[in-house]
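Subject: Handover of a structure

Dear colleague,

Please find below the sequence and structure that I am handing over to you. My findings follow after it.

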Amino acid sequence: MYNIKSLICAAVCLLFVNMNGQTLSSKKSTHFILPNGEVLKSNNLDSLENAWGKGQILFKHSEQDDKNGVMHLVRKTSEFKENEFKSKKALAEMLNNPAPDFQVKDLDGKIWSLKELRGKTIILNFWFISCAPCIKEIPELNKLVGEYKNKEVIFLGLTYNTSQHVHNFLKKSAFNFTQLPNSGEISKKYNVFYFPTSFVIDKNGIIKGVMDNSETIYNDLKTIIDKES
C-alpha cells in the first residue's frame, strides 16, 4: 500500500475540506480568506465556485483558525486530485483485510485496544468537532447506539481534537459513541482522507465496510452490522 503520510497531513493536520462533502457550517463570524489574502464574503462562495469550477474549492484551516473564525480558500490542485484517487484506492484495498490495531485513551482515561475487542463488532467513526458533515450524521449514529445497546457491538468515535475540546463539544451536543480524542495518528493508519469516515470491523478483526460522508449512514451501517453480528 502506498505511503499516505503526506496525504493525511493535508487532510488532517491542515484539514482540507472539499466543497461537495466537507463544507463547514458558515457562521456569520467566519472570515473566508482568498490565496491573495483578500476576505471573501460567504454569500460570494457561489461566484467563486463559478470562477474556479464546480467542486474545485477547498477549505484549509487549522484548529487555531477555528478558534479565530478563519477559513482559507484554496483551489483544488492536480496533486490533491491524485491524492484523492489514491485514498479511495487505499480504502478499497482495506476491505476484507485485518483492521490496523491501535491503543488509545477515552475521555475517562480508559485505554481501548482493538485487539482486545475481538469477538465484538466494532464501528469506528473518524470525525472532528468543526466538521459540519460529521455533526450532521451524529443523530443517525446515536440511533444506532441505542438500537444495539446491550449487544456485542462497540461504537468508537476517533478525533484528532483534544479531550478538553471534545468535552466542550459534548456539553452542547450529544454524541453517544465512546470518544477517543488525540487519534490523529490512528486516522493515518486507516487511510482517512475525508471526514467523516466510518468503518465496520467484524468479530475476527476484519474490515467489512468503509464509507465516507454517506447520506444513508444509518442504513449503510445497520445492514453490515446485522450481517456481521
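Two residues are said to touch, or to be in contact, when heavy atoms of theirs lie within 4.5 Å. Please keep in mind that this is a predicted model.

**Overall picture**

The protein chain contains 8 helices and 12 strands. Of its 229 residues, 51% count as buried. Among contacts between residues at least 6 apart in sequence, 69% join residues at least 24 apart. The mean pLDDT of the chain is 84, and 87% of the residues reach 70 or more. Residues 1–28 have a pLDDT below 50; beyond near neighbours in sequence, this stretch has 78 contacts in the model.

**The nonpolar cores**

The largest nonpolar core is made of 45 residues. Phe 102, Leu 124, Leu 156 and Tyr 190 are those with the most contacts inside this core. Two or more residues each come from the helices α4 (78–94), α5 (132–147) and α8 (217–228), and from the strands β8 (121–126), β9 (153–158), β11 (197–201) and β12 (207–212). A second, separate core has 10 residues, among them Phe 32, Leu 48, Met 71 and Leu 73.

Which residues does Phe 102 touch, not counting those up to four places away in sequence? The list includes Leu 124, Leu 156 and Tyr 190. Phe 102 also touches Trp 112, Ser 113, Leu 114, Leu 158, Leu 180, Ile 186 and Lys 189.

**Helix α8**

The 12 residues of α8 should span 16 Å at 1.5 Å a residue, and the end C-alpha atoms of α8 are 17 Å apart, which agrees. The buried residues of this helix are Ile 217, Tyr 218, Leu 221, Ile 224, Ile 225 and Glu 228. Seen down the axis of α8, these buried residues fall within an arc of 150°, so they line one face of the helix. The face turned away from the buried side carries the exposed residues Thr 223 and Lys 227. What covers the buried residues of α8 includes the strands β8, β9, β11 and β12, together with α5.

Ser 198 is found in strand β11. Is Ser 198 buried or exposed? Its relative accessibility is 1%, and Ser 198 therefore counts as buried, since the limit for a buried residue is under 20%. The side chain of Ser 198 makes a polar contact of 2.9 Å with the side chain of Asn 125. Leaving out residues up to four places away in sequence, Ser 198 touches Leu 124, Asn 125, Glu 137, Gly 209, Val 210, Met 211, Ile 217 and Leu 221.

Met 211 lies in strand β12 and counts as buried at 11% relative accessibility. With residues up to four places away in sequence again left out, the contacts of Met 211 include Pro 196, Thr 197 and Ser 198. Met 211 also touches Ile 217, Asp 220, Leu 221 and Ile 224. Met 211 and Asn 125 are 86 residues apart in sequence, while their C-alpha atoms are 9.6 Å apart in space.

**Thr 162**

Where is Thr 162 found? Thr 162 is in the loop between β9 and α6 (163–172), and with a relative accessible area of 29% this residue is partly exposed. A polar contact of 3.0 Å joins the side chain of Thr 162 to that of His 165. Not counting residues up to four places away in sequence, Thr 162 touches Pro 181 and Asn 182. The C-alpha atoms of Thr 162 and Ser 183 are separated by 8.9 Å, and these two residues are 21 residues apart along the chain.

**Points of backbone geometry**

Asn 182 has its place in the loop between β10 (178–180) and α7. Phi of Asn 182 is near 55°, a positive value in a residue other than glycine. Asn 96, which is not a glycine, has a positive phi of about 65°. Asn 96 lies in the loop between α4 and β6 (103–105) and is exposed, with a relative accessible area of 53%. Finally, the peptide bond from Phe 195 to Pro 196 is cis, with omega near -5°. Pro 196 is in the loop between α7 (184–189) and β11.

Yours sincerely,

A colleague

Note on methods. Residues are numbered from 1 along each chain as its sequence is written. This is a predicted model: local features need pLDDT of at least 70, side-chain atom pairs count only at pLDDT 80 or more; totals for chains, interfaces and linings use all residues. Side-chain values use heavy atoms; hydrogens and water are left out. A nonpolar core is a set of buried Ala, Val, Leu, Ile, Met, Phe, Trp, Tyr and Cys residues joined through side-chain atoms within 4.5 Å. Buried means under 20% relative accessible area, exposed over 50%, partly exposed in between (1.4 Å probe, protein chains only). Helices (H or I, at least four residues) and strands (E, at least two) are DSSP runs, numbered from the N terminus. The expected span of a helix is 1.5 Å times one less than its number of residues. The arc is that of the directions from the helix axis to the C-beta atoms. pLDDT is the predictor's confidence in each residue, from 0 to 100. A polar contact is a pair of N or O atoms within 3.5 Å; within protein, one must be able to donate a hydrogen and the other to accept it, and residues adjacent in sequence count only if both atoms are side-chain atoms.
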